[in-house]
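Hi everyone, thanks for coming.

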Amino acid sequence: MIEPLPNFSASFYADLERINDRPEPFEIYTAKDLWTDEHTSQQMLAFHLNGELDVSSRRIEFIEVSVGWLADRFKLSSGSRVIDFGCGPGLYASRLANLGAAVTGVDFSPRSISYARKQAEQDGLEIDYHEANYLDFEPDGKFDLATLIMCDFCALSPEQRSAMLRMIDRHLSPEGRVVLDVHSLSAFEQKEESASYRKNLLDGFWSPYQYFGFLNTFKYDPEKVILDKYTIIEPARTRQIYNWLQYFSVEMLERELESTGFEIEEVLGDVAGRPFTPQQSEFAVVLKSHYCG
Ligand SMILES: C[S@@+](CC[C@H](N)C(=O)[O-])C[C@H]1O[C@@H](n2cnc3c(N)ncnc32)[C@H](O)[C@@H]1O
């Protein structure tokens, strides 16, 4: 005979409400928990270094083409100064430094920065790596090129994006440019709301221990924002990680830039310089400051 279920308590119901609760767009910022947690940062580093995957970093062939294009497009030479925000383990920074550019890399993942520093030492490259949150980082001096690669711009709230661009603007040389990529509205249209859960969701990505992982995906139509909200419940702790993504059309990005002192100089298909088509899931832009040459 099947035993009747015990009456789940009111607190369990309240927990489920919290799991399914829909926050305001960009209400909670938890990017640091995702990238710097002892366990998940290990998984992230493995993804960065897997040259066959487009996870955490793009595949290695793409990175090679991208660095070649950046060098060509921005005439990078031994005198050039480049800053890479969210540099991860330095896949772009090391290649740019190899071309002779003076490179600064900023990332808040201790694991990635430590890997990047060791790699630079082994390769005999002098790269100025900083373990820091780029949202409250003030670099030294002026740069000819600032990069923010793999749609990191989209993970920031409108206020964070604007503050970040204002900070970059203070540190661009007169001819300096910014290169960043973003998710497109075509990709947004493919997204749907959903709620699911699974034991050890993503095959142990979230913890070395047993856990239940809930994934609630929210779609904010007016703002063109998607939230993947993860609730990870282990026997000893519960965490919630909010992965926000802003999706853009070229016009939306143009409008947003109006208040920042930047304008779009060129729209591209990606940060490797391929041509732009609106159907793509991502696109890239070269930005110039209103005060630039
Ligand atoms: C998607 S990965 C891209 C890494 C690198 N740009 C690449 O394409 O290989 C995002 C990186 O940005 C870093 N990051 C995210 N938010 C950050 C923040 N607020 N401050 C500093 N680093 C950040 C993460 O640690 C991670 O290394």
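Let me start with a term: two residues are in contact if their C-beta atoms, placed from the backbone, lie within 7 Å. Helices (H or I, at least four residues) and strands (E, at least two) are DSSP runs, numbered from the N terminus. A word on what you are looking at: this is a predicted model, where local features need pLDDT of at least 70, side-chain atom pairs count only at pLDDT 80 or more, and totals for chains, interfaces and linings use all residues. Residue numbers start from 1 along each chain as its sequence is written.

Now find helix α3, residues 38–49, and helix α6, residues 110–123. Their axes come within 9 Å and cross at roughly 45 degrees. Axes here are lines fitted to C-alpha atoms, for helices over the stretch in contact, and angles run from 0 to 180 degrees between N-to-C directions. Under 35 degrees counts as roughly parallel, over 145 as roughly antiparallel, 65 to 115 as roughly perpendicular and the rest as oblique. α3 and α6 are therefore oblique to each other. At the contact, α3 brings Ser41, Gln42, Leu45 and His48, and these meet Arg111, Ser112 and Tyr115 in α6. By type, that contact holds two nonpolar residues, four polar and one charged. For the sorting, Ala, Val, Leu, Ile, Met, Phe, Trp, Tyr, Cys and Pro count as nonpolar, Asp, Glu, Lys and Arg as charged, and the others, Gly among them, as polar.

Next, the ligand. Which residues come nearest to the ligand? Of the 20 around it, they are Trp35, Ser57, Gly86, Gly88 and Met150; a residue is near if its C-beta atom, placed from the backbone, lies within 6 Å. The shell divides into ten nonpolar, eight polar and two charged residues.

Asp84 has Gly105 in β2 as its bridge partner. Is β1, residues 81–85, buried or exposed? Five of its five residues are buried, meaning 20 or more other C-beta atoms lie within 10 Å of a residue's own, while 12 or fewer is exposed and in between is partly exposed, with C-beta atoms placed from the backbone. In a regular strand the side chains alternate between the two faces of the sheet. In β1 both faces are covered, with Arg81, Ile83 and Phe85 on one side and Val82 and Asp84 on the other.

Helix α5, residues 91–98, is mostly covered too, with six of its eight residues buried. Leu91, Tyr92 and Ala93 are among them, and the cover includes α3, α4, β1, β2, α6 and β4 (143–148).

Last, some backbone angles. Most residues other than glycine have a negative phi. Ser56, though, has a positive phi of about 70 degrees, and sits in the loop between α3 and α4 (60–73). Ser56 is partly exposed, with 19 other C-beta atoms within 10 Å. Lys75 also has a positive phi, about 45 degrees, in the loop between α4 and β1. With 11 C-beta neighbours inside 10 Å, Lys75 counts as exposed.

Thanks, everyone!

Conventions
Pairing = 2+ DSSP bridges.
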